[in-house]
Amino acid sequence: MQKQVSIIVPFHGETEAQLGICLSSINNQIGIDFKQVEVILIGDGGLKVDDQDPFPYLANLDIKIYEYDVVKGPGFARSMGMFMATGKYFMFVDADDQLQYVGALLDFFNATKRGDHQIIIGRYINQQRNDQGDFKYYTHGNDDGNVAYAKWFNRDYLDSIKLSWSEHLQVYEDTYFVGTACELATDIVRITPVVYTHLWNEHSITHEDAGQQLHRQLDQWVFAKRLYLGKIAKYRPENLTADYLDYMADIYLRYQAYSPLDPQAFRQEHNQLFFEFADQWEQIKGNLPDAVNARIQGNIRYHTFTTKGLGKFIESQDAVLQEHAAQVR
(Lines give C-alpha, C1' and ligand atoms only; values in the text may rest on other atoms or scores of the structure.)
Protein backbone atom coordinates (compact mmCIF):
# COMPACT_ATOMS: atom_id res chain seq x y z
CA MET A 1 0.00 0.00 0.00
CA GLN A 2 1.33 3.42 -0.92
CA LYS A 3 2.15 5.69 1.98
CA GLN A 4 0.64 9.16 2.07
CA VAL A 5 3.98 10.85 2.81
CA SER A 6 7.65 9.95 2.70
CA ILE A 7 9.75 12.13 5.01
CA ILE A 8 13.27 12.25 3.59
CA VAL A 9 16.07 13.07 6.04
CA PRO A 10 19.64 13.28 4.68
CA PHE A 11 22.39 13.15 7.30
CA HIS A 12 26.15 13.42 7.25
CA GLY A 13 27.91 14.33 10.51
CA GLU A 14 25.02 13.79 12.93
CA THR A 15 25.29 11.13 15.61
CA GLU A 16 22.45 8.73 16.37
CA ALA A 17 21.63 10.84 19.42
CA GLN A 18 21.38 13.99 17.29
CA LEU A 19 19.28 12.20 14.69
CA GLY A 20 17.06 11.02 17.52
CA ILE A 21 16.03 14.61 18.31
CA CYS A 22 14.86 15.21 14.76
CA LEU A 23 13.16 11.83 14.46
CA SER A 24 11.47 12.15 17.86
CA SER A 25 9.70 15.28 16.66
CA ILE A 26 8.19 13.10 13.92
CA ASN A 27 7.52 10.12 16.19
CA ASN A 28 5.62 12.33 18.66
CA GLN A 29 3.05 13.61 16.18
CA ILE A 30 -0.60 13.16 17.17
CA GLY A 31 -3.86 12.69 15.33
CA ILE A 32 -2.40 10.84 12.34
CA ASP A 33 -2.21 7.26 11.11
CA PHE A 34 1.49 6.36 11.19
CA LYS A 35 0.81 3.58 8.70
CA GLN A 36 0.58 6.43 6.17
CA VAL A 37 4.07 7.73 7.02
CA GLU A 38 7.54 6.46 6.22
CA VAL A 39 10.89 8.01 7.10
CA ILE A 40 13.80 7.66 4.67
CA LEU A 41 17.21 8.29 6.25
CA ILE A 42 19.94 8.91 3.67
CA GLY A 43 23.50 8.73 4.99
CA ASP A 44 25.57 11.03 2.77
CA GLY A 45 28.97 9.66 3.78
CA GLY A 46 30.21 10.64 7.25
CA LEU A 47 28.96 8.90 10.37
CA LYS A 48 27.11 5.59 10.11
CA VAL A 49 24.16 4.43 12.17
CA ASP A 50 23.85 1.07 13.85
CA ASP A 51 22.15 -1.39 11.53
CA GLN A 52 20.60 -3.23 14.46
CA ASP A 53 17.54 -1.13 15.22
CA PRO A 54 19.29 2.13 16.17
CA PHE A 55 16.07 3.86 17.24
CA PRO A 56 14.06 1.34 19.29
CA TYR A 57 12.30 4.15 21.16
CA LEU A 58 10.67 5.47 17.98
CA ALA A 59 7.89 2.93 17.96
CA ASN A 60 5.58 4.89 15.66
CA LEU A 61 8.00 5.22 12.77
CA ASP A 62 8.63 3.06 9.74
CA ILE A 63 12.30 3.97 9.17
CA LYS A 64 14.37 2.91 6.17
CA ILE A 65 18.11 3.65 6.19
CA TYR A 66 20.29 3.95 3.08
CA GLU A 67 23.96 4.89 3.29
CA TYR A 68 26.90 5.37 0.93
CA ASP A 69 30.55 6.14 1.66
CA VAL A 70 31.40 9.04 -0.65
CA VAL A 71 29.91 12.43 0.21
CA LYS A 72 27.77 13.61 -2.71
CA GLY A 73 25.86 16.50 -1.18
CA PRO A 74 22.27 17.21 -0.18
CA GLY A 75 20.91 17.25 -3.73
CA PHE A 76 22.05 13.71 -4.44
CA ALA A 77 20.89 12.54 -1.01
CA ARG A 78 17.39 13.94 -1.47
CA SER A 79 17.15 12.50 -4.98
CA MET A 80 18.17 9.12 -3.58
CA GLY A 81 15.50 9.49 -0.92
CA MET A 82 12.85 10.21 -3.54
CA PHE A 83 13.95 7.15 -5.52
CA MET A 84 13.68 4.91 -2.47
CA ALA A 85 10.42 6.43 -1.19
CA THR A 86 6.92 5.05 -1.77
CA GLY A 87 4.87 8.03 -0.60
CA LYS A 88 2.35 10.05 -2.56
CA TYR A 89 3.97 13.18 -1.15
CA PHE A 90 7.58 14.00 -0.29
CA MET A 91 8.58 16.04 2.75
CA PHE A 92 12.22 17.08 3.26
CA VAL A 93 13.55 17.52 6.79
CA ASP A 94 17.15 18.40 7.65
CA ALA A 95 18.74 16.09 10.19
CA ASP A 96 19.55 18.98 12.53
CA ASP A 97 16.03 20.45 12.43
CA GLN A 98 12.68 19.34 13.85
CA LEU A 99 8.95 19.65 13.39
CA GLN A 100 7.65 22.60 15.37
CA TYR A 101 4.80 20.98 17.30
CA VAL A 102 2.93 17.71 17.68
CA GLY A 103 0.15 18.66 15.27
CA ALA A 104 2.43 19.62 12.37
CA LEU A 105 1.83 16.54 10.21
CA LEU A 106 -1.89 16.58 10.98
CA ASP A 107 -2.09 20.03 9.40
CA PHE A 108 -0.70 18.60 6.17
CA PHE A 109 -2.91 15.51 6.27
CA ASN A 110 -5.96 17.72 6.74
CA ALA A 111 -4.95 19.76 3.69
CA THR A 112 -4.88 16.61 1.53
CA LYS A 113 -8.48 15.85 2.50
CA ARG A 114 -9.51 18.90 0.47
CA GLY A 115 -7.84 17.69 -2.71
CA ASP A 116 -4.85 16.11 -4.37
CA HIS A 117 -2.67 19.23 -4.39
CA GLN A 118 0.65 19.75 -6.13
CA ILE A 119 2.36 21.50 -3.19
CA ILE A 120 1.33 22.20 0.39
CA ILE A 121 3.24 24.96 2.19
CA GLY A 122 3.26 25.82 5.87
CA ARG A 123 5.09 28.42 7.92
CA TYR A 124 8.41 27.83 9.67
CA ILE A 125 10.62 29.31 12.37
CA ASN A 126 14.28 30.15 11.80
CA GLN A 127 16.55 30.07 14.84
CA GLN A 128 19.42 32.59 14.69
CA ARG A 129 22.16 33.63 17.10
CA ASN A 130 22.87 37.35 17.55
CA ASP A 131 26.21 39.06 18.22
CA GLN A 132 25.75 38.56 21.96
CA GLY A 133 25.33 34.82 21.51
CA ASP A 134 21.62 34.82 22.32
CA PHE A 135 19.11 32.92 20.23
CA LYS A 136 16.45 34.81 18.32
CA TYR A 137 13.53 33.31 16.44
CA TYR A 138 12.02 34.57 13.19
CA THR A 139 8.79 33.28 11.72
CA HIS A 140 8.59 32.94 7.94
CA GLY A 141 5.34 32.97 6.03
CA ASN A 142 3.86 30.29 3.82
CA ASP A 143 4.89 32.15 0.66
CA ASP A 144 8.57 31.16 0.82
CA GLY A 145 9.44 29.51 -2.50
CA ASN A 146 13.19 29.13 -1.93
CA VAL A 147 13.61 26.59 0.88
CA ALA A 148 12.38 23.03 1.26
CA TYR A 149 11.25 23.50 4.86
CA ALA A 150 7.61 23.04 5.80
CA LYS A 151 6.43 21.72 2.45
CA TRP A 152 4.86 18.64 0.91
CA PHE A 153 5.52 17.96 -2.78
CA ASN A 154 3.22 15.71 -4.79
CA ARG A 155 5.09 12.85 -6.48
CA ASP A 156 2.88 12.85 -9.58
CA TYR A 157 3.29 16.58 -10.02
CA LEU A 158 7.11 16.37 -9.82
CA ASP A 159 7.05 13.48 -12.30
CA SER A 160 4.92 15.54 -14.70
CA ILE A 161 7.60 18.25 -14.91
CA LYS A 162 10.49 15.78 -14.57
CA LEU A 163 11.85 17.63 -11.56
CA SER A 164 14.32 16.25 -9.07
CA TRP A 165 17.22 17.65 -7.05
CA SER A 166 20.37 18.44 -9.00
CA GLU A 167 23.27 16.20 -8.06
CA HIS A 168 25.68 18.90 -9.27
CA LEU A 169 24.57 21.64 -6.87
CA GLN A 170 26.36 21.66 -3.51
CA VAL A 171 24.63 24.91 -2.52
CA TYR A 172 21.51 26.67 -3.83
CA GLU A 173 19.96 23.26 -4.43
CA ASP A 174 16.77 24.56 -2.80
CA THR A 175 16.80 27.62 -5.07
CA TYR A 176 16.48 25.37 -8.10
CA PHE A 177 14.22 22.59 -6.87
CA VAL A 178 11.78 24.54 -4.71
CA GLY A 179 11.79 27.64 -6.89
CA THR A 180 11.01 25.61 -9.99
CA ALA A 181 8.33 23.50 -8.31
CA CYS A 182 6.54 26.57 -6.95
CA GLU A 183 6.82 28.56 -10.17
CA LEU A 184 5.34 25.83 -12.35
CA ALA A 185 2.62 24.73 -9.91
CA THR A 186 -1.01 25.63 -10.52
CA ASP A 187 -2.37 24.15 -7.28
CA ILE A 188 -0.53 25.29 -4.15
CA VAL A 189 -2.28 25.13 -0.77
CA ARG A 190 -0.89 27.39 1.95
CA ILE A 191 -1.63 26.44 5.54
CA THR A 192 -1.32 28.91 8.40
CA PRO A 193 0.28 26.92 11.28
CA VAL A 194 4.01 27.09 12.00
CA VAL A 195 5.00 23.49 11.34
CA TYR A 196 8.79 23.41 11.14
CA THR A 197 11.81 24.76 13.03
CA HIS A 198 15.08 25.42 11.24
CA LEU A 199 17.61 25.21 14.05
CA TRP A 200 20.89 27.10 14.29
CA ASN A 201 23.90 25.11 13.12
CA GLU A 202 27.18 26.98 13.52
CA HIS A 203 28.86 24.65 11.00
CA SER A 204 26.35 25.38 8.26
CA ILE A 205 27.69 27.28 5.26
CA THR A 206 24.76 29.68 5.53
CA HIS A 207 26.15 30.83 8.89
CA GLU A 208 29.81 31.14 7.93
CA ASP A 209 30.79 34.82 7.68
CA ALA A 210 27.07 35.69 7.95
CA GLY A 211 26.53 33.74 4.74
CA GLN A 212 29.28 35.48 2.74
CA GLN A 213 30.87 32.19 1.68
CA LEU A 214 27.52 30.99 0.41
CA HIS A 215 26.74 34.20 -1.50
CA ARG A 216 30.18 34.21 -3.10
CA GLN A 217 29.59 30.83 -4.76
CA LEU A 218 28.17 32.65 -7.74
CA ASP A 219 28.95 29.83 -10.17
CA GLN A 220 26.58 27.57 -8.23
CA TRP A 221 23.92 30.28 -8.08
CA VAL A 222 24.12 30.83 -11.85
CA PHE A 223 24.01 27.08 -12.53
CA ALA A 224 20.86 26.81 -10.40
CA LYS A 225 19.31 29.66 -12.38
CA ARG A 226 20.26 28.02 -15.70
CA LEU A 227 18.51 24.81 -14.69
CA TYR A 228 15.49 26.85 -13.57
CA LEU A 229 15.27 28.80 -16.83
CA GLY A 230 15.50 25.54 -18.76
CA LYS A 231 12.39 24.27 -16.98
CA ILE A 232 10.59 27.58 -17.56
CA ALA A 233 11.45 27.46 -21.27
CA LYS A 234 9.96 23.98 -21.54
CA TYR A 235 6.89 24.15 -19.31
CA ARG A 236 6.05 27.86 -18.99
CA PRO A 237 7.64 29.56 -22.05
CA GLU A 238 5.41 32.63 -21.74
CA ASN A 239 7.32 33.52 -18.55
CA LEU A 240 10.83 33.05 -19.95
CA THR A 241 11.49 36.64 -21.03
CA ALA A 242 10.50 38.09 -17.65
CA ASP A 243 12.51 35.48 -15.75
CA TYR A 244 15.55 36.06 -17.97
CA LEU A 245 15.30 39.80 -17.35
CA ASP A 246 15.07 39.10 -13.62
CA TYR A 247 18.26 37.01 -13.79
CA MET A 248 20.25 39.61 -15.74
CA ALA A 249 19.22 42.42 -13.39
CA ASP A 250 20.11 40.36 -10.34
CA ILE A 251 23.47 39.11 -11.63
CA TYR A 252 24.52 42.67 -12.45
CA LEU A 253 24.03 43.64 -8.79
CA ARG A 254 24.99 40.33 -7.20
CA TYR A 255 28.39 40.33 -8.90
CA GLN A 256 29.12 43.73 -7.34
CA ALA A 257 27.89 42.68 -3.90
CA TYR A 258 29.73 39.35 -3.72
CA SER A 259 33.05 38.78 -5.46
CA PRO A 260 33.03 35.19 -6.79
CA LEU A 261 35.06 32.60 -4.92
CA ASP A 262 35.93 31.12 -8.32
CA PRO A 263 35.81 33.91 -10.95
CA GLN A 264 36.61 31.57 -13.85
CA ALA A 265 33.87 29.09 -12.93
CA PHE A 266 31.42 31.95 -12.50
CA ARG A 267 32.25 33.42 -15.91
CA GLN A 268 31.90 30.02 -17.57
CA GLU A 269 28.52 29.37 -15.98
CA HIS A 270 27.22 32.88 -16.72
CA ASN A 271 28.31 32.69 -20.36
CA GLN A 272 26.72 29.27 -20.73
CA LEU A 273 23.42 30.62 -19.44
CA PHE A 274 23.74 33.75 -21.56
CA PHE A 275 24.36 31.77 -24.76
CA GLU A 276 21.65 29.22 -24.01
CA PHE A 277 18.99 31.93 -23.82
CA ALA A 278 20.63 34.43 -26.18
CA ASP A 279 17.43 34.82 -28.20
CA GLN A 280 15.99 36.69 -25.19
CA TRP A 281 18.78 39.27 -24.93
CA GLU A 282 17.58 41.84 -27.47
CA GLN A 283 14.10 41.70 -25.96
CA ILE A 284 15.19 42.51 -22.44
CA LYS A 285 18.30 44.68 -22.52
CA GLY A 286 16.32 47.89 -23.04
CA ASN A 287 14.36 47.09 -19.87
CA LEU A 288 17.43 46.38 -17.73
CA PRO A 289 17.76 49.89 -16.22
CA ASP A 290 14.21 49.79 -14.85
CA ALA A 291 14.66 46.20 -13.63
CA VAL A 292 17.94 47.03 -11.88
CA ASN A 293 16.50 50.15 -10.27
CA ALA A 294 13.53 48.13 -9.00
CA ARG A 295 15.92 45.68 -7.34
CA ILE A 296 17.98 48.48 -5.80
CA GLN A 297 14.87 50.01 -4.29
CA GLY A 298 13.37 46.70 -3.19
CA ASN A 299 16.36 44.90 -1.67
CA ILE A 300 18.31 46.30 1.27
CA ARG A 301 21.49 44.49 0.25
CA TYR A 302 21.62 46.67 -2.90
CA HIS A 303 20.40 49.97 -1.49
CA THR A 304 23.79 51.74 -1.94
CA PHE A 305 24.22 50.54 -5.52
CA THR A 306 23.52 52.49 -8.72
CA THR A 307 23.12 51.83 -12.44
CA LYS A 308 26.30 53.78 -13.19
CA GLY A 309 28.09 50.81 -14.71
CA LEU A 310 25.09 49.24 -16.40
CA GLY A 311 25.90 50.65 -19.82
CA LYS A 312 29.31 48.99 -19.80
CA PHE A 313 27.72 45.76 -18.58
CA ILE A 314 25.31 45.76 -21.52
CA GLU A 315 28.13 46.55 -23.95
CA SER A 316 30.20 43.69 -22.55
CA GLN A 317 27.32 41.25 -22.99
CA ASP A 318 26.84 42.43 -26.59
CA ALA A 319 30.55 41.87 -27.25
CA VAL A 320 30.51 38.39 -25.70
CA LEU A 321 27.50 37.44 -27.79
CA GLN A 322 29.08 38.73 -31.01
CA GLU A 323 32.31 36.85 -30.29
CA HIS A 324 30.40 33.66 -29.57
CA ALA A 325 28.36 34.03 -32.78
CA ALA A 326 31.57 34.44 -34.79
CA GLN A 327 33.07 31.32 -33.25
CA VAL A 328 30.11 29.07 -34.06
CA ARG A 329 29.83 30.15 -37.71
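Buried means under 20% relative accessible area, exposed means over 50%, and partly exposed lies in between (1.4 Å probe, protein chains only). The model is predicted, so that local features need pLDDT of at least 70 and side-chain atom pairs count only at pLDDT 80 or more, while totals for chains, interfaces and linings use all residues. Residues are numbered from 1 along each chain as its sequence is written, and side-chain values use heavy atoms, with hydrogens and water left out.

Q: Why is Asp62 called partly exposed?
A: Asp62 has a relative accessibility of 26%, and it therefore counts as partly exposed. Lys64, at a relative accessible area of 24%, is partly exposed as well.

Q: What makes Lys64 and Asp62 a salt bridge?
A: A salt bridge needs a side-chain nitrogen of Lys or Arg within 4 Å of a carboxyl oxygen of Asp or Glu, and the closest N and O atoms of Lys64 and Asp62 are 3.2 Å apart. By this rule the structure has 16 salt bridges. Shared partners join Lys3, Glu38, Asp62 and Lys64 into one network of such bridges.

Q: How do you know that Asp250 forms a salt bridge with Arg254, and where do these residues lie relative to one another?
A: The closest N and O atoms of Asp250 and Arg254 are 3.0 Å apart. Being four residues apart in helix H8, Asp250 and Arg254 are separated by about one helical turn, where a helix is a DSSP run of H or I with at least four residues, numbered from the N terminus. An α-helix has 3.6 residues a turn, so residues three or four places apart point the same way.

Q: What makes Asp250 and Arg295 a salt bridge, and which parts of the chain does the pair link?
A: The side chains of Asp250 and Arg295 meet at 3.7 Å, taken from N to O. The pair links distant parts of the chain, since Asp250 sits in helix H8 and Arg295 in helix H11 (residues 288-298), 45 residues apart.

Q: How do you know that Asp219 has no salt bridge, and what does Asp219 touch instead?
A: The nearest side chain of opposite charge to the buried Asp219 is Arg216, at 9.7 Å.

Q: What makes Phe274 and Trp281 stacked or edge-to-face?
A: With 5.3 Å from centre to centre and 75° between the planes, Phe274 and Trp281 form an edge-to-face pair. Phe274 has a relative accessibility of 0% and therefore counts as buried, as does Trp281 with a relative accessible area of 0%.

Q: Why is helix H3 called mostly covered?
A: Seven of the nine residues of helix H3 (residues 104-112) are buried, including Phe108 and Phe109. Phe108 and Phe109 belong, with Tyr89 and Trp152, to one aromatic cluster.

Conventions:
Lys, Arg positive; Asp, Glu negative; His and termini not counted. Helix = DSSP H or I, 4+ residues; strand = E, 2+ residues; numbered from the N terminus. Phe/Tyr/Trp six-rings, centres within 6.5 Å; stacked < 30°, edge-to-face > 60°.
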